[in-house]
Amino acid sequence: MEKNSIYKVSKKIIIYLNETRENPSTKAILANLRNSSNRPIGENIESLAFIFSMVPEEELGVSHKLNSFEDTLLTVLQLYALYQQGKDDQVIFIEEGKSKSFGMSLKSIKTSEKDESNSTDLRFNALINASDFNELKQHLRQLIKILRSKTDDKVDFPTLAKDLYEYNKYNSKDSIRIKWARDYYRSSKNENNKGENDEK
C-alpha cells in the first residue's frame with residue numbers, strides 16, 4: 001500500500017503540472033523545482049512548500065530532515081521540471097496498465113546517437129553503481145539533461161518515483177539496478193515487449 005502511494009501521488013502531481021504547464025503559476029513552480037536542484041534544503045522553501053501541500057498528511061515527516069517519501073517526491077519533481085524545460089510537448093509516459101523503467105528511457109540515447117564511444121554506457125554504469133541515494137540523484141540529474149537534449153523520449157516519472165522510493169527507503173538497490181540494467185541492455189528485438197509486464 002505504501003509503495004503504491006508514492007506512484008499514485010507523484011502521478012497525480014505530475015499530471016497536474018503537465019496539464020497546467022502553460023499557466024504562470026505552474027511555470028513558477030517548475031522554475032523553483034529546477035533551481036532547487038543541488039541546493040541546500042534550507043534554500044528550497046518554495047519547492048518544499050509545494051511538496052508539503054501535495055503530500056498526504058500521513059506521509060509528512062516529523063523530524064528536521066526530509067523523510068524518504070518527501071525526498072523521493074522532491075527528487076522526481078525536480079527531474080520532471082528539468083526534463084520539461086524547453087519542450088512544448090508532453091514529456092511524461094503514462095499508459096494504462098503499462099510502465100517503462102528509467103533504463104528503457106536511457107537506452108533511447110544510445111539508439112538516437114549510435115553511441116560508438118560507449119559514453120552513454122559509462123554514464124549508465126556510474127548511475128547504477130552509485131554508492132548511496134545522494135550520489136544516485138547527481139547521476140540522474142546529469143542523465144536527464146542528456147536525455148532531454150538528445151531525444152524526444154517520454155519518461156515514466158511515476159514508475160521512477162516508485163523505484164527511487166524502494167531504493168531510498170527499503171534499500172532495494174540491487175533489485176533496481178538489475179531492473180534498469182536489464183532494460184537498458186535488452187536486445188532491440190525485444191523492444192515491442194518492453195515494460196508491459198510490470199504491475200503497479
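Predicted model: local features only at pLDDT ≥ 70, side-chain atom pairs only at ≥ 80, totals over all residues.

Colleague: Is the crossing of α4 and α8 left-handed or right-handed?

Modeller: Right-handed.

Colleague: Which residues in α4 meet α8?

Modeller: On the α4 side there are Ser-68, Phe-69, Asp-71, Thr-72, Thr-75, Val-76, Leu-79, Tyr-80 and Tyr-83. They meet Phe-157, Leu-160, Ala-161, Leu-164, Tyr-165, Asn-168 and Lys-169 in α8.

Colleague: And by class, what does that contact of α4 with α8 have?

Modeller: It has 10 nonpolar residues, 4 polar and 2 charged.

Colleague: Let's step back. How many helices and strands are there in the protein?

Modeller: 9 helices and 0 strands. From the N terminus on, the order reads α-α-α-α-α-α-α-α-α.

Colleague: What share of the 200 residues is buried?

Modeller: Buried residues make up 48%.

Colleague: And what about contacts between residues at least 6 apart in sequence: what percentage join residues at least 24 apart?

Modeller: That comes to 75%.

Colleague: New topic: Ser-10. Where is it found?

Modeller: Ser-10 is in helix α1, which covers residues 2–19.

Colleague: Buried or exposed, and why does Ser-10 count that way?

Modeller: Buried, because its relative accessibility is 0%; the cut-off for buried is under 20%.

Colleague: What does the side chain of Ser-10 reach?

Modeller: The backbone oxygen of Ile-6, at 2.7 Å. Leaving aside neighbours within four places in sequence, Ser-10 is also in contact with Leu-73, Pro-158 and Ala-161.

Colleague: Now Leu-140. Which residues does it touch, not counting those up to four places away in sequence?

Modeller: Leu-79, Phe-102, Leu-127, Leu-164 and Trp-180. Leu-140 itself is found in helix α7 (residues 133–150). It counts as buried because its relative accessibility is 0%.

Colleague: How far apart are Leu-140 and Thr-75?

Modeller: In sequence, 65 residues. In space, 9.3 Å from C-alpha to C-alpha.

Colleague: Last one, helix α6. Which of its residues are buried?

Modeller: In α6 (residues 119–128), the buried ones are Thr-120, Asp-121, Phe-124, Leu-127 and Ile-128.

Colleague: Why do those end up on the same side of α6?

Modeller: Because they cover an arc of only 120° around the axis. An α-helix has 3.6 residues a turn, so residues three or four places apart point the same way.

How values were computed:
Residues numbered from 1 in each chain as written. Heavy atoms only, no water. Helix = DSSP H or I, 4+ residues; strand = E, 2+ residues; numbered from the N terminus. Buried < 20%, exposed > 50% of the residue type's maximum accessible area, 1.4 Å probe, protein only. Polar contact = N/O pair within 3.5 Å; in protein donor to acceptor, adjacent residues only side chain to side chain. Contact = heavy atoms within 4.5 Å. Left-handed = near helix turned anticlockwise from the far one by under 90°. Nonpolar A, V, L, I, M, F, W, Y, C, P; charged D, E, K, R; others polar. Arc of directions from axis to C-beta.
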